Amino acid sequence: METVTWLLFALGISLILAKIGDSLIERFELPGVLGELIMGIILGNLVYFGIVAPQYLPIVSGEGFTTDATQVSEFLAKLGIIFLLFLGALDTDVEQLKKTGLTATVSTLLGVFVPLIMGWFVLMEMGYPSKEAFAGGVLLTATSIGLTVRVMMDLGVLKSEVGVASLSASVMDDFLGIALIIFAVGTGSLIDLSIKIVLFFIITGVIWWYLVDHYIRFAERLHVEKGVLGMVIGMMFLFAALAESWFAAAIEGAFMMGLVLSKLPEGRRLMDDLRAIGYGLLVPFFFVHTGAMLNLTVFENADALVLATVLTVVAVFGKVLGRGFGAWITAWGRGREFLFTKENLWMSLQMGIGSIPRTEVALVNLMVAIHGGAIPPEDAPKFIAATLIFITVSVLITPPLLKWAFKNEIEKARSSKASRKVERIMETKEKIKELKGSQ
Amino acid sequence: MELENALETFHSMKIESIMPKPETLPVVEKDAEIINVLKLLRTRHHVWVVESRETMKLVGAIRLLDVIDVLLPPDAYKFKLGMTRGTLKSLLGGATKAGDVAERNPLTIECGATVLDALMKMKKYRVQVLAVVDGDRLVGEVSLRILIDELLRLLRVGGVSWKR
């Protein structure tokens, strides 16, 4: 009975504080997820510092904290990850992605593999085993689309060539980032893993792509309350279970289910119900839980700070370099003569800077890597601290850097607005003159 | 009894027999200016977006409620994974064409379906209107208003036969 009581209490406190934290941080025009993480850090450290006994706040895990309630809250957080990726995929416009141009494709590939390889090698140089170093590299791959979109919208450049390419590239590197974590947590030989990936893609992507329509029709014919919703979530969990058993990464199943379902109008109509479950309960709990896993005592030695500094530097420069170079080398489809121009360099730099922020997918990959064993328990606190730091730095530096990178476009827009205003005033004056003349 | 008989006939009616003519539909091409969409939405609850008027290939739909996303400034949105689509519809955020703000893949029903099929679909997904399609071509629409009109017409014209 007590377990249930404290679990309900922890859930209640977590959700209320998550929403308050989200709201507070949004006021500073920063991603709300930071607020949820901060609330988690506060709650978790009430336990780590012995202010609250662990059984009363079962949102932290680790040695010495394992209780039934902790296991349940860990599972709820996992459900949060699954729902987050499911929602992310369901919101994807697959048709739009098909139209992605060469610049976005090349810059996505380099924008993912440059930070991955840089992170992998730097971490190996620091003495981490190859698998752990690879997992660390994967954390750096996926850009958070939200912040860049918001800033580009504010600057009025989202519909520019760079804006459109950035948008497509950010969606695509989520795909790659989520897919690559399989190689970090998957077990067995590379050939076994590759066969499993191909099989998984055939089952959940190709076959399901053709069957999903019939499945939804079948669900509709059941004529029960929220029947389609229940059947969709059920199938999503089956996919997640398959992915968990083959790759120790349930998110892959949820992501594929969301992606396939996004092609159907019926799937899209379920969005509101799914968001209610996801963002009303599971996703904020996942962020609070992740924040609560950061034990601030980890900063007692320099290891965590060194790791955080290295990952931050690689995250920022790796992305700008990779995505920027990828865009530069394609010369934006304007031919060789454009390659060595200042404009190409500047546009590519804008593209690179737009790819700096990381949030949700980095946290999801972190949790998958920890739970999948790619990051061992003794290193988990360091990686949690480092990831939270590079996420925070990346979202803080992106807006001012983007404003700087787009300063010419902003100036042009301002001056054309001003000149249009002057033109309109002149036109009005002319009309008044004409009217006076006719009188 | 009169109403029961009318409803029975009503439910089994084919959608194609009651839907309005295609030329009366609120349709815009995907490259149409948003302002034209807004003008249509002053008197309609939705607008269908098609590839071109020649092919009538259905691209999406813009409902009256979608105008909220169109009119809001970009900073009114929450930028979270799984919640970015609405954001991209903002006029101030850069949306200019009907295709930018249309919800792709709207709910559809085949023209051979019955009124009962349409009602069941409307109930399941809480929508008031469905696009009637022949393959991927928009050929009509069925809305609750059309259905009400049809039921009332049935009651009016068939009143004597229902009683008999």
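## Helix H5 of chain A and its partners

In this predicted model, the axes of helix H5 (residues 102-125) and helix H8 (residues 161-185) of chain A come within 9 Å and cross at roughly 45 degrees. That angle makes H5(A) oblique to H8(A), and the crossing of the two helices is right-handed. On the H5(A) side the contact is formed by Thr103(A), Ala104(A), Ser107(A), Thr108(A), Gly111(A), Val112(A) and Leu116(A), and on the H8(A) side by Ala165(A), Ser168(A), Ala169(A), Met172(A), Asp173(A), Leu176(A), Gly177(A) and Leu180(A). Sorted by class, the residues of this contact between H5(A) and H8(A) comprise 8 nonpolar, 6 polar and 1 charged.

H5(A) also packs against helix H14 (residues 303-330) of chain A, where the two axes come within 7 Å and cross at roughly 150 degrees. With that angle, H5(A) is roughly antiparallel to H14(A), and H5(A) passes H14(A) in a right-handed crossing. The contact of H5(A) with H14(A) contains 17 nonpolar, 8 polar and 2 charged residues.

## Packing of H16 and H18 in chain A

A further helix pair in chain A is formed by helix H16 (residues 342-353) and helix H18 (residues 380-405), which pack at an angle of about 165 degrees with their axes 10 Å apart. This angle makes H16(A) roughly antiparallel to H18(A), and the crossing of H16(A) and H18(A) is left-handed. Leu349(A), Gln350(A) and Ile353(A) of H16(A) meet Leu401(A), Leu402(A) and Ala405(A) of H18(A), and the residues of this contact divide into 5 nonpolar, 1 polar and no charged.

## Chain A as a whole

Chain A contains 19 helices and 0 strands. Its radius of gyration is 24 Å, close to the 22 Å that the globule rule gives for 439 residues, so chain A is as compact as a globular protein of that length. Taken along the principal axes, the C-alpha atoms of chain A fill a box of roughly 90 × 60 × 50 Å.

Of the 439 residues of chain A, 51% count as buried. When contacts in chain A between residues at least 6 apart in sequence are considered, 79% of them join residues at least 24 apart.

## Chain B as a whole

Of the 164 residues of chain B, 32% count as buried. Among the contacts in chain B between residues at least 6 apart in sequence, 54% join residues at least 24 apart.

## The contact between the chains

The contact between the two chains draws 30 residues from chain A and 20 residues from chain B. On the side of chain A that touches chain B, helix H3 (68-90), helix H7 (145-155), helix H12 (265-269) and helix H13 (271-292) each supply at least two residues. H7(A) gives the most to this side, with 7 residues. By class, the residues of the side of chain A that touches chain B divide into 12 nonpolar, 5 polar and 13 charged.

## Individual residues in loops

Most residues other than glycine have a negative phi. His223(A), by contrast, has a positive phi of about 50 degrees although it is not a glycine. His223(A) is found in the loop between helix H9 (190-221) and helix H10 (227-247) of chain A, and it counts as exposed because 10 C-beta neighbours lie inside 10 Å. In chain B, Met56(B) has a positive phi of about 55 degrees and is likewise not a glycine. The place of Met56(B) is in the loop between strand E2 (46-50) and strand E3 (58-63) of chain B, and Met56(B) counts as partly exposed, with 18 C-beta neighbours inside 10 Å.

Another loop residue of chain B, Ala95(B), is found between helix H4 (66-71) and helix H5 (98-101) of that chain. Ala95(B) is partly exposed, with 19 other C-beta atoms within 10 Å, whereas a residue would count as buried with 20 or more. Not counting residues up to four places away in sequence, Ala95(B) touches Ile34(B), Val70(B), Leu88(B), Lys89(B), Ser90(B), Asp100(B) and Val101(B). The C-alpha atoms of Ala95(B) and Met120(B), which are 25 residues apart along the chain, are separated by 34 Å.

Definitions and conventions:
Residues numbered from 1 in each chain as written. Chains lettered and ligands numbered in written order. Predicted model: local features only at pLDDT ≥ 70, side-chain atom pairs only at ≥ 80, totals over all residues. Contact = placed C-beta atoms within 7 Å. Helix = DSSP H or I, 4+ residues; strand = E, 2+ residues; numbered from the N terminus. Nonpolar A, V, L, I, M, F, W, Y, C, P; charged D, E, K, R; others polar. Rg over C-alpha atoms; globule rule 2.2 N^0.38 Å. Buried ≥ 20, exposed ≤ 12 C-beta atoms within 10 Å, placed from the backbone. Axes fitted to C-alpha atoms, helices over the stretch in contact; angles between N-to-C directions. Parallel < 35°, antiparallel > 145°, perpendicular 65-115°, else oblique. Left-handed = near helix turned anticlockwise from the far one by under 90°.
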